[in-house]
Number of protein chains: 2
Amino acid sequence: MKKYCFGIDVGGTTIKCGLFHTDGHILDKWEITTRTEENGIHILPDIAETINRKIEERGLTKNEIEGIGLDIPGPVDAEGVCSIAVNLHWGRVEIVREMQKMTGIRTRAINDANAAALGECWKGGGAGHKNLIMVTLGTGIGGGVVVEGEVIAGAHGSGGEIGHVHVTEELTEPCNCGNVGCLEQVASATGIVRLAKMELEKRPDMQSVLRGRMLTAKDIWDAARNGDELADAVAEKFGLYLGRALAAFACVTDPEIFVIGGGVSNAGPIILEYVQKYYRQYAFPGCKDAVFALATLGNDAGMYGAAKLVI
Amino acid sequence: MKKYCFGIDVGGTTIKCGLFHTDGHILDKWEITTRTEENGIHILPDIAETINRKIEERGLTKNEIEGIGLDIPGPVDAEGVCSIAVNLHWGRVEIVREMQKMTGIRTRAINDANAAALGECWKGGGAGHKNLIMVTLGTGIGGGVVVEGEVIAGAHGSGGEIGHVHVTEELTEPCNCGNVGCLEQVASATGIVRLAKMELEKRPDMQSVLRGRMLTAKDIWDAARNGDELADAVAEKFGLYLGRALAAFACVTDPEIFVIGGGVSNAGPIILEYVQKYYRQYAFPGCKDAVFALATLGNDAGMYGAAKLVI
């Protein structure tokens, strides 16, 4: 194993770059802007340039670099080819081939949710475990499944697409994926707000601090923490949907630990309580001991996971 | 890779033994009785003896044997230790250590449902694929999940325990696992009969050949094939429960193919039609292309999978 590697997390606005010791220690961290103009043709050259410049700046040689791990917001196949990444304005891009050509350094590429799972498993909330399911609760729901230290990419690049498990017949409006009743529609940041609106409508006589205002997921967790009965009912429904879904996933890979991240997880341990309650109710007895933890790497999870990909 | 290996499928009544070329060709197949008396202490010595005798009978030497793969009806951990196997009258048994001691041949051990999945992936209904979910519909429901050619054993030996995903709130009686509303309770051979009884009760005025008799799963599929309206309704419910559950599992590992085996699958392609219909309705778009196939190895699947374990 050579001494250094790069972990590059490509987002729609910024690209987070990390120079790592291959022992897992991070040496340097910086950002560049994601230039999405002209179908994003500048993105990979910009990354190659910032890597080459960092190598020079640090007085390193390419012989000392084990590899470049790179994650993007979109599906990536086993050959490192992205079929489409809307937020980067990309159609089909041969990430690995192009990066290797421009840098002369071995490259591996991965989906961003899978990278976050790998990062949290390596250095974050799941550190010390080899079998993990990561749930990222943001505007949508991302996921990543790690088995024996390896991320499951899936036959069609859809491994860990756990936001799109069907969980309810109560909805009529379609999810972004085209199906109806997805976990993402009731347990993401926007999903929790949807649940709150439904509960407010269902219980017109119940007093609540949530009534008569624009809501965010944070408002709902704050109210639940302060004993608001309606907010508690919303949190229970969130816990039921997510906990029961995680119990279903446990039948498949039987993880040691579930790690919950994303903006919604900033509400803290209270969300784990609601999820665990229903997980334990529905999980197969052999899986009930799985541990729950909050993610700890925040926005750096993808960068860490990308680096781990080449170590 | 040496020239030969053994695949041994240990059941509660008989032990199926196979001598394989490590190129995948089976050379010999025979059975011995499972002696469960005295807490099953004769089982492993009996297997060692039949292997040693076969090696002698064929004029082979132990240097030509790559290994012994062995599957049992119970959980097996990564070190090849069984914690309990009720049908063998076993408590804790160090399968791998004991077999290696008695035979001098490298041994690996695995759960029987996982072995069946590996066998079907190697030489059966899933041949040519590396990512598969196998469902065995018998008295209960067994399962096995293969990712990149490897079976997922799980952190607690419960990988692939897909019969115990929660699928319905309609039941009140508990499953064998202690939970209520498991897939096994509505989609195994006994589960389909339960569904039929529920439908018969729910629709007292609907004529059906299923009415007023002792039922088996086969009766229900035969009636559905002959256009019996009530049997068709039962098959629809079976398809909904199983298809929707498989769609949930697809969010986790995104398989290329689902293989359906076990006694219920003897009903033939008709069961795939009902399952696929609901799978396609509920699956994440990226996973909808997964293929469905019937198992082809029958009772030999475990023996093939056990052999594959050491190849």
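Predicted model: local features only at pLDDT ≥ 70, side-chain atom pairs only at ≥ 80, totals over all residues.

Residues are numbered from 1 along each chain as its sequence is written, chains are lettered from A in the order in which they are written, and side-chain values use heavy atoms, with hydrogens and water left out.

Me: How many residues of chain A are in contact with chain B?
Reply: Contact means heavy atoms within 4.5 Å. On the side of chain B, 40 residues take part, and the number from chain A is 40.

Me: Which residue of chain B meets A:Glu169 in a salt bridge?
Reply: A salt bridge is a side-chain nitrogen of Lys or Arg within 4 Å of a carboxyl oxygen of Asp or Glu, and the rule finds two across the interface of chain A and chain B. With an N to O distance of 3.4 Å, the partner of A:Glu169 is B:Arg244.

Me: What kind of axis relates the two copies?
Reply: Superposed by least squares on the C-alpha atoms of residues with pLDDT of at least 70 in both, chain A can be laid on chain B with an RMSD of 0.0 Å by a turn of 180° and a shift of 0.0 Å along the axis. The copies are therefore related as by a two-fold rotation axis.

Me: Which residue of chain A has the C-alpha nearest the axis?
Reply: The C-alpha in question lies 3.2 Å from the axis. The residue is A:Phe249.
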